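Grab the model and work through a few exercises on it. Try each task yourself before reading its solution.

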Amino acid sequence: MTLKVFHNARIYTPQGGSSPLKGAQQGNVLEIPQGAIISRGGVIERVGPEEELLAEAKNMRVDQYVDLGGRCVIPGLVDPHTHMCFAARREEEFAKRLDGVPYLEILRSGGGILSSVRSVRSASDQDLYQTTMANVASAMRHGTTTVEIKSGYGLDASSELRMLSVIDRVRRDAPLDVMATFMGAHAIPEEFRGQPEGFVDLLCHEMIPQAAEQGIARFCDVFCEEGVFSVEQSRRILACARSNGFELKIHADEVHDLGGAGLAAELGTLSAEHLLAASDEGLAKMAEAGVIAVLLPATAYSLKKPYARARKMIELGVPVALATDCNPGSCFCESMQFVFGLAVMKMGLSVSEALVGCTLNAAHAIGMGHLVGSLEEGKLADLVVLDGKTPATLAYHAGVNSAVAVYKRGERVA
Ligand code: NIG
Ligand code: FE
């Protein structure tokens, strides 16, 4: 097993333990000004002051010393919410949105998600794979070392399973960790227009059981939104998913406050995502139930909507995680660095709170908090070396890629 000593580093890491950080703990970040990390077989064996660790390393058979040049080192970024498995971009739709056509209006008239469904259904597996791999590779160059990817542009049993197979192939081939989510409940497909209950029946009787049997996706997600799935339909879909062994996620209160946050609390989902329009009452229920808020500020940016009320969530004790939402429609962005910048500049998070949101809390939002999200003994040696002295550089040096080097399980991947 390869033994590596990363040294001459300014280390910034959330200090976690086994649960997501919330409230006053949301920004619990340890700084080691002159630090080192010893990694054995890709797993962190020691983290601490350089002087101490270099002395210890003298008694070890070290394969490689890596001098990080005094730069800032943070845990590999974790992106817990993406739709980056798609076949075609929707740039013309973006132009329409800039002209003032609302996002949900485009969906209602058969575009938006439904346009991605048409392109995925007609794409070859190889094309779908290549587009997804290209998105994943770009995310990795920007420091992402663990990513969640949803299905949801198939919307029939075979196309959804095909998407999940492609995501699984990406998981095997890409050096980063990929978690898959079944999102057959992403929109009502054209063949069920006007009969949403018929599609919910199909989801519950066929698609969810088949996705469970396929065994690739760990999570099931639903788009609870006006004109998409109501709270009652979402409840039915998620209850069925749970009984088929899935862990639950929900796109909640993204455009309208339907009560998605309250439903997340009622069902005890692992996370609720978006929450741009969530009510105080819904957020308080989430806090009580321990549901993680996954906030997607790059989507608010792209939809020109007010940002989610992250400060209110932290005040209420809701753990806040951050993600890109990378998709061809509401937000085409695979950079967690951009998300970090928006969180600090537009949502009022401190640098430490945003760092926890992009790493440890994001890891917990996809059931990976025991393995990634902080530089602590026993976790994977996933590191991002930044062109700067502190993680603040991610907001300060705007619009550029600040990742100088990216390591996954101790191996350089970008
Ligand atoms: O999270 N809200 C639903 N799903 C995505 C958008 C998907 C798309 O527009 O293709 C989102 O915003
Ligand atoms: Fe999404």
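A bit of bookkeeping: the model is predicted, with local features needing pLDDT of at least 70 and side-chain atom pairs counting only at pLDDT 80 or more, while totals for chains, interfaces and linings use all residues. Residues are numbered from 1 along each chain as its sequence is written, chains are lettered from A and ligands numbered from 1 in the order in which they are written, and side-chain values use heavy atoms, leaving out hydrogens and water.

**Exercise 1.** Find the protein donors of the iron ion (ligand 2) and work out how they are spaced in sequence.

*Solution.* Start at the metal and look for donors (N, O and S atoms within 2.8 Å of the metal, or 3.2 Å for Na, K and Ca; water is not among the atoms, so sites may look incomplete). Written along the chain, the spacing reads H-x1-H-x167-H-x73-D. One pair ties distant parts of the chain together: H83 sits in the loop between β5 and α2, and D325, 242 residues away, in the loop between β12 (320–322) and α13 (336–346). Helices (H or I, at least four residues) and strands (E, at least two) here are DSSP runs, numbered from the N terminus.

Now check the record. The unreviewed UniProt entry lists H81, H83, H251 and D325 under "binding site"; such annotations may be inferred rather than shown by experiment, and they're given in the numbering used here with shortened feature names. These residues span 245 residues in sequence, but no two of their C-alpha atoms are more than 12.2 Å apart, so they gather at one spot.

**Exercise 2.** Are H83, H251 and D325 buried or exposed?

*Solution.* The scale goes: buried is under 20% relative accessible area, exposed is over 50%, and partly exposed is in between (1.4 Å probe, protein chains only). H83 comes out at 2%, H251 at 2% and D325 at 1%, so H83 counts as buried, as do H251 and D325.

Next, list neighbours, where contact means heavy atoms within 4.5 Å. Leaving out residues up to four places away in sequence, H83 touches K150, Y153 and M183, among others. With the same exclusion, H251, in strand β9 (residues 247–252), has contacts including H81, H83 and D325.

**Exercise 3.** Which residues lie closest to the centre of the largest pocket, and which helix gives the most to its lining?

*Solution.* About 340 Å³ of space lies in the largest pocket. Of its 17 lining residues, F94, R97, S302, C331 and F332 are closest to the centre. Sort the lining by element: α2 and α11 (297–303) each supply at least two residues, and α2 gives the most, with five. The pocket is an open set of points on a 1 Å grid over the protein atoms alone, with protein on both sides within 12 Å along at least five of seven lines; lining residues have an atom within 4 Å of a point. Points join across faces, edges and corners, and volume is the space filled by probe spheres set on them.

**Exercise 4.** Where does L371 lie?

*Solution.* Look in the loop between α15 (360–364) and β13 (383–386). L371 is partly exposed, at 27%.

Notes:
1 Å grid on protein atoms, 1.4 Å probe; cavity = no way out; pocket = protein on both sides within 12 Å on 5 of 7 lines; lining within 4 Å.
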